[in-house]
Amino acid sequence: MAAGLVLAPGCGGESTEESPTVERARTVVRHMADGTYAKVLQMFAPTLIDVLSEKQLKEDWENFVQLKGAYRAQGEAAEVIERGELKVVDIELEMAKDTGFFRVSFDADGKIAGLFFLATDIPVP
């Protein structure tokens with residue numbers, strides 16, 4: 001139910017307030033909820049393009065919705081965590097049955113390097 005996320009060692013973070021990283025992450029959630037998976041693929045880093053297909057994105061989202069219920073809204077975004085050249089952000093998702101979490105990492109060019117739909121809040125390694 002999760003696409004690959006590779007994190008490099010490092011530390012640091014950025015405020016979520018009006019963060020471009022958070023806005024990109026929220027855009028990904030909107031595309032997933034709208035079923036516009038091709039738009040998400042256009043945001044992929046080259047390393048992820050050959051690993052995750054539109055069909056797989058659709059299946060991952062559908063499995064997440066089956067587990068947590070229909071998507072209702074985006075909630076709070078956690079602090080943006082820096083891991084090497086990656087920026088990682090978690091967004092709480094309000095779902096019909098239960099809260100879920102979306103984690104996405106972006107590379108130095110702002111492209112998606114990895115993404116997960118999480119059943120529970122799991123700390124960024």
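How many helices and strands are there in the protein? There are 4 helices and 6 strands.

## Basis of the model

This is a predicted model, in which local features need pLDDT of at least 70 and side-chain atom pairs count only at pLDDT 80 or more, while totals for chains, interfaces and linings use all residues. Residues are numbered from 1 along each chain as its sequence is written, and side-chain values use heavy atoms, with hydrogens and water left out.

## Overall layout

Along the sequence, the elements follow the pattern β-α-α-α-α-β-β-β-β-β. Helices (H or I, at least four residues) and strands (E, at least two) are DSSP runs, numbered from the N terminus.

Of the 125 residues in the protein, 42% are buried. Buried means under 20% relative accessible area, exposed over 50%, and partly exposed in between (1.4 Å probe, protein chains only). The protein exposes about 6,500 Å², and carbon and sulfur atoms supply 50% of that area; accessible areas come from the Shrake-Rupley method with a 1.4 Å probe, and for residues only the protein chains shown count as cover. Among contacts between residues at least 6 apart in sequence, 56% join residues at least 24 apart, where contact means heavy atoms within 4.5 Å.

Strand 4 (residues 86-95) runs antiparallel to strand 5, with 8 bridges between them. A hairpin of 3 residues joins the two, and Val89 stands opposite Val104 in strand 5. Two strands pair if DSSP finds at least two bridges between them.

Strand 5 is also antiparallel to strand 6, through 6 bridges. These two strands form a hairpin with 5 residues between them, and Gly110 in the turn has a positive phi of about 80 degrees. Phe101 stands opposite Leu118 in strand 6. Strand 6 is mostly covered, with 7 of its 7 residues buried.

## Aromatic residues

A search of the whole structure finds 5 aromatic pairs. Rings of Phe, Tyr and Trp (its six-membered ring) pair if their centres lie within 6.5 Å; planes under 30 degrees apart count as stacked, over 60 as edge-to-face and the rest as tilted. The ring centres of Phe102 and Phe117 are 5.3 Å apart and the planes are at 35 degrees, so this pair is tilted. Phe102 belongs to strand 5 (residues 99-106) and Phe117 to strand 6 (residues 112-118), so the pair ties together parts that are 15 residues apart in sequence.

Phe102 stands opposite Phe117 in strand 6, and both residues are buried. Ring pairs link Trp61, Phe64, Tyr71, Phe102 and Phe117 into a cluster. Elsewhere, Arg24 lies over the face of Phe106, at 5.0 Å from the ring centre. A charge sits over a ring if NZ of Lys or CZ of Arg is within 6 Å of the ring centre and within 35 degrees of the ring normal.

## Lys68

Lys68 lies in helix 4 (residues 54-68) and is buried, with a relative accessible area of 6%. A polar atom of the Lys68 side chain lies 3.1 Å from the backbone oxygen of Thr99. The backbone oxygen of Ala119 is 2.8 Å from a polar atom of that side chain.

Leaving aside neighbours within four places in sequence, Lys68 is in contact with Met95, Ala96, Lys97, Asp98, Thr99, Gly100 and Ala119.

Conventions
A polar contact is a pair of N or O atoms within 3.5 Å; within protein, one must be able to donate a hydrogen and the other to accept it, and residues adjacent in sequence count only if both atoms are side-chain atoms.
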